[in-house]
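The tour below goes from one selection to the next.

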Amino acid sequence: MVDPKGTYEVRTYGCQMNVHDSERLSGLLEDAGYVRAPEGSDGDADVVVFNTCAVRENADNKLYGNLGRLAPMKTKRPGMQIAVGGCLAQKDRDTIVKKAPWVDVVFGTHNIGKLPVLLERARVQEEAQIEIAESLEAFPSTLPTRRESAYAAWVSISVGCNNTCTFCIVPALRGKEEDRRPGDILAEVEALVAEGVSEITLLGQNVNAYGSDLGDREAFSKLLRACGQIEGLERVRFTSPHPKDFTDDVIAAMAETPNVMPQLHMPLQSGSDPVLRAMRRSYRQERFLGIIEKVRAAIPHAAISTDIIVGFPGETEEDFQQTMHVVREARFASAFTFQYSKRPGTPAAEMDGQIPKEVVQDRYMRLVALQEEISWEENKKQVGRTLEVMVAEGEGRKDGATARLSGRAPDNRLVHFTKPDEEVRPGDVVTVEITYAAPHHLLAEGPTTAVRRTRAGDAWEKRNAAPAQPQGVMLGIPTLGVPAPLPVATSGCAID
């Protein structure tokens, strides 16, 4: 066994891809002999790693503010090291060490596997190490991973993106799309299931473009069907697709593969054709609504969520009303709504017609109010339904006070339910009847109809019964059916 080198803390900002990268960073550090700092250490660790995001205008201010708070702590703690990685590191490179000379390591999105080596080199040479690769050195899934959850897992199927959306800087920072071979993906899924995982989320910047690098336009639908053949894999989800690549064979695979969940996250961004054109989104309102209609016809109970940007440069009130129209027609179960924020280095940041803040705020509030109303109405349709809920860990902040537990329905709606008399563990499945609906969750206030103990629950119990082990980093993502507890991630990257 490797003697502990010290403690580590990973702080994650941004999208799902960053979340998964942080699991790998934790795995790398633990493989190198570090142990996770106790929860709530707040920088009181031997190694603090920032995995950054560059999709917001103030991303750098947030980073440097956090780095500044660590400077005096590092002065008092000889040997402490600070590393900065992720998209902002890929973009800013030397700037980070110039603004925060107490940083020891700067690494990019393409070479996260180098972190332990760079930390050791910085320690020996006693100077900052800056290493930014321009292309992927090794597919990240080959790296050690410290998964947050015993019962649910991410599986990357591709990295990078071939789109050129004018508001997004991801392609410049993560490169062109590179696809993994299907056999490698399925081997990883099978290995995870063997460990007790019962839910996986296929992850990519644009998952349904999977296959473009392999020369097979139906590769993603084939992958979904192949996941359906893996014994013990109960739930399959994916994020995020792009409307321009969403084809009928994928809808058929979703409808015909029992363990692919009736849930879809389909980013809209805007309902206005002129704005979509300015965003360089290669679909229009009619195409988007046509996809929603086909999905609902094939999967009537599907819960569809989306991303929407309000106040994109040049957006008129008429453009905004077109977005409101699509929201009314599509009836999303939920929406991640964002006020447009300049991404430095993107074409949209230099466009004419930047919208005044007060106008953007007004439109944003009207959109949120409409979506809240629709979410509540759609959730009320769930009252009286009997659902199988996978018990989650930490999803219900008030569970202790209310004697409830929480979990996710197949369509990924959050369900709080009365705690049954018999023991249930995260990863187990309960059957409940929905008695009440709120805009963002459902309640099952009656007795639990059935409890099914699962291999995933066994895996959770085994992990938590083991001698004191570091528990991995707390990570963040929009609620898309992945390991919990999970705070909301920012827009961009994997949800474009």
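Start with strand β10, residues 199–203, which is mostly covered: five of its five residues are buried. Buried here means under 20% relative accessible area, while exposed means over 50% and partly exposed lies in between, with a 1.4 Å probe and protein chains only. Strands (E, at least two residues) and helices (H or I, at least four) are DSSP runs, numbered from the N terminus. This is a predicted model, in which local features need pLDDT of at least 70 and side-chain atom pairs count only at pLDDT 80 or more, whereas totals for chains, interfaces and linings use all residues. Residues are numbered from 1 along each chain as its sequence is written, and side-chain values use heavy atoms, with hydrogens and water left out.

Show the side chains of β10. In a regular strand the side chains alternate between the two faces of the sheet. On one side of β10 are E199, T201 and L203, and on the other I200 and L202; all are buried, so both faces are covered.

Strand β7 (residues 152–156) runs parallel to β10 and is joined to it by five bridges; two strands pair if DSSP finds at least two bridges between them. Select A152 to find the residue opposite E199. Strand β11 (residues 235–239) also runs parallel to β10, again with five bridges, and here R235 stands opposite E199. Follow the chain from β10 through helix α8 (residues 219–227) to β11: this β-α-β crossover is right-handed. That term means that, with the strands pointing away from the viewer, the path from the first strand over the helix to the second runs clockwise.

Now move to strand β4, residues 81–86, where six of six residues are buried. Q81, A83 and G85 point one way, and I82, V84 and G86 the other. Six bridges join β4 to β3, and the two run parallel; look for V47 opposite Q81. Strand β5 (residues 105–107) is parallel to β4 too, with two bridges, and V106 in β5 is the bridge partner of V84.

C53 lies in the loop between β3 (47–52) and α2 (59–76), and it counts as buried because its relative accessibility is 8%. C87 lies in helix α3 (residues 87–92) and is buried, with a relative accessible area of 1%.
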